[in-house]
Amino acid sequence: MTLGPDELARYARHIVLPEIGGAGQLRLRRARVAVVGAGGIGSPVLHYLAAAGVGRLDVIDDDRVDASNLQRQTLYTTDDLGVPKAQAAATALARLNPHVEVVPHVTRLGRDEAGALIDGADAVIDGSDNFDTRLAVADASLARRVALVSAAVGRFEGQIGVFRGWEADRPCYRCFVGAAPQRDGLTCAEEGVLGPVTGVVGSLAALEVIRQIAPFGDDSAGKLVLIDLLALRFRTLSLPKDPGCPACGAPATAG
Ligand SMILES: [Zn+2]
């Protein structure tokens with residue numbers, strides 16, 4: 001499989017990077033990424049991954065575009081009001097890059113669907129707005145050994161982590177949140193969020209997905225970046241693997 005002349009032109013600024021090159025661009029074209037949540041985080045994720053030439057994007061969201069979304073969800077326009085986000089996203093991304101296959105799933109991801117949608121993906125990005133979905137995505141990605149990029153925002157803050165918990169020295173999402181995490185905190189609807197905060201965090205999430213696929217630079221699995229945009233401060237933590245984690249810890253010896 002090689003890149004055609006129009007793809008060579010489109011991705012020239014990637015291909016000239018020694019860290020990406022033609023080989024990395026081909027890996028992007030062969031890749032499939034599941035994007036859970038097509039909202040404030042999902043918008044820049046989908047913009048950048050489609051522009052980058054990721055071969056297939058599965059867009060999973062059961063919401064419709066609402067007027068209150070347009071302050072930050074830059075995939076959508078006023079004309080999209082009332083349209084399911086996954087469908088409106090597919091339409092917008094087809095205009096951006098016809099080389100990319102975008103598959104919309106107008107569904108709320110439960111445990112049953114999560115496995116099927118994540119199976120075979122090269123990475124999954126979770127920018128969803130509720131904890132049940134986050135846990136379902138985390139468990140399905142761990143079981144299928146699919147790299148998880150988990151991103152969240154609220155008010156002027158965000159965080160992003162990369163998880164490959166099946167590896168011996170890498171934490172999983174449950175190592176981070178605990179075995180019985182608290183339920184959802186406040187939602188963006190309740191506490192607000194400054195529009196560009198979702199852009200910062202979503203752009204970082206897209207970058208981390210590309211890092212997993214290309215790959216380039218330092219491996220980020222097990223790192224957590226805390227972003228405080230009231231103070232304009234980024235902090236990077238290394239998350240430990242919890243040896244007693246019920247999800248990724250050593251299984252009890254049989255017999
Ligand atoms: Zn774990």
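Predicted model: local features only at pLDDT ≥ 70, side-chain atom pairs only at ≥ 80, totals over all residues.
Student: Which residues coordinate the zinc ion?

Tutor: The donor atoms are SG atoms, placed at 2.3 Å from the metal. In sequence, the donor residues follow the spacing C-x2-C-x69-C-x2-C. The residues are Cys-172, Cys-175, Cys-245 and Cys-248.

Student: What is the geometry of the site of the zinc ion?

Tutor: The ideal angle for four tetrahedral donors is 109.5 degrees. Four donors count as tetrahedral if all angles lie between 85 and 135 degrees. Here the 4 donor atoms make angles of 96 to 122°, and the site is tetrahedral.

Student: How many residues apart in sequence are the parts that Cys-172 and Cys-248 tie together?

Tutor: The zinc ion has both Cys-172 and Cys-248 among its donors. Cys-172 lies in the loop between β6 (157-163) and α8 (173-177), while Cys-248 belongs to the segment after β8 (233-238), so the pair ties together parts of the chain whose separation in sequence is 76 residues.

Student: Is Cys-248 buried or exposed?

Tutor: A residue counts as buried under 20% relative accessible area. Cys-172, at 4% relative accessibility, is buried. For Cys-248 the relative accessible area is 13%, so this residue too is buried.

Student: How many salt bridges does the model contain?

Tutor: Side chains of opposite charge can pair when their charged atoms come close. The cut-off applied here is a side-chain nitrogen of Lys or Arg within 4 Å of a carboxyl oxygen of Asp or Glu. By this rule the number of salt bridges is 13.

Student: Which helix holds the residue that forms a salt bridge with Arg-111?

Tutor: Arg-111 meets Asp-139 in a salt bridge, with an N to O distance of 3.1 Å. The two residues are 28 apart and link distant parts of the chain. Arg-111 sits in helix α6 (residues 111-118), and Asp-139 in helix α7 (residues 131-143). The helix asked for is therefore α7.

Student: How many residues apart are Asp-139 and Arg-174?

Tutor: The side chains of Asp-139 and Arg-174 form a salt bridge at 2.7 Å, N to O. This pair links distant parts of the chain, with Asp-139 in helix α7 and Arg-174 in helix α8, and the separation is 35 residues.

Student: Is Arg-174 buried or exposed?

Tutor: The threshold for a buried residue is under 20% relative accessible area. Because its relative accessible area is 15%, Arg-174 is buried.

Student: Which residues are linked in a network of salt bridges with Arg-164?

Tutor: Arg-164 forms a salt bridge with Glu-167, and the closest N and O atoms are 2.8 Å apart. Arg-164 counts as buried at 12% relative accessibility, whereas Glu-167 is partly exposed at 24%. The residues linked with Arg-164 in the network are Glu-167, Arg-170 and Asp-219.

Student: Which element gives the largest share of the lining of the second largest pocket?

Tutor: This pocket has a volume of about 260 Å³. Its lining divides into 9 nonpolar, 2 polar and 1 charged residues, including His-14, Glu-19, Tyr-48 and Phe-216. The elements giving two or more residues are α4 (42-51) and α10 (195-213). The largest share, 4 residues, comes from α10.

Student: Which helix gives the largest share of the lining of the largest cavity?

Tutor: Rolling a probe the size of a water molecule over the atoms shows where empty space is left. The structure holds 2 cavities of 30 Å³ or more, and the largest cavity has about 50 Å³ of space. The zinc donor Cys-172 and the salt-bridged Arg-164 are among the residues that line this cavity. Its largest share of lining, 3 residues, comes from α7.

Student: How many charged residues are in the lining of the second largest cavity?

Tutor: About 30 Å³ of space lies in this cavity. Among its lining residues are Glu-7, Tyr-11, Arg-29 and His-99. By class, the lining has 2 nonpolar and 4 polar residues, and the number of charged residues is 2.

Student: Is Asp-80 buried or exposed?

Tutor: Asp-80 is located in the loop between β2 (56-60) and α5 (85-96). Its C-alpha atom is separated by 9.7 Å from that of Leu-70, 10 residues apart along the chain. At 17% relative accessibility, Asp-80 counts as buried.

Note on methods:
Residues numbered from 1 in each chain as written. Heavy atoms only, no water. Donors = N, O, S within 2.8 Å, 3.2 Å for Na, K, Ca; no water. Tetrahedral: all angles 85-135°; square planar, octahedral: opposite > 155°, others 65-115°. Buried < 20%, exposed > 50% of the residue type's maximum accessible area, 1.4 Å probe, protein only. 1 Å grid on protein atoms, 1.4 Å probe; cavity = no way out; pocket = protein on both sides within 12 Å on 5 of 7 lines; lining within 4 Å. Points joined across faces, edges and corners; volume = space filled by probe spheres on them. Nonpolar A, V, L, I, M, F, W, Y, C, P; charged D, E, K, R; others polar.
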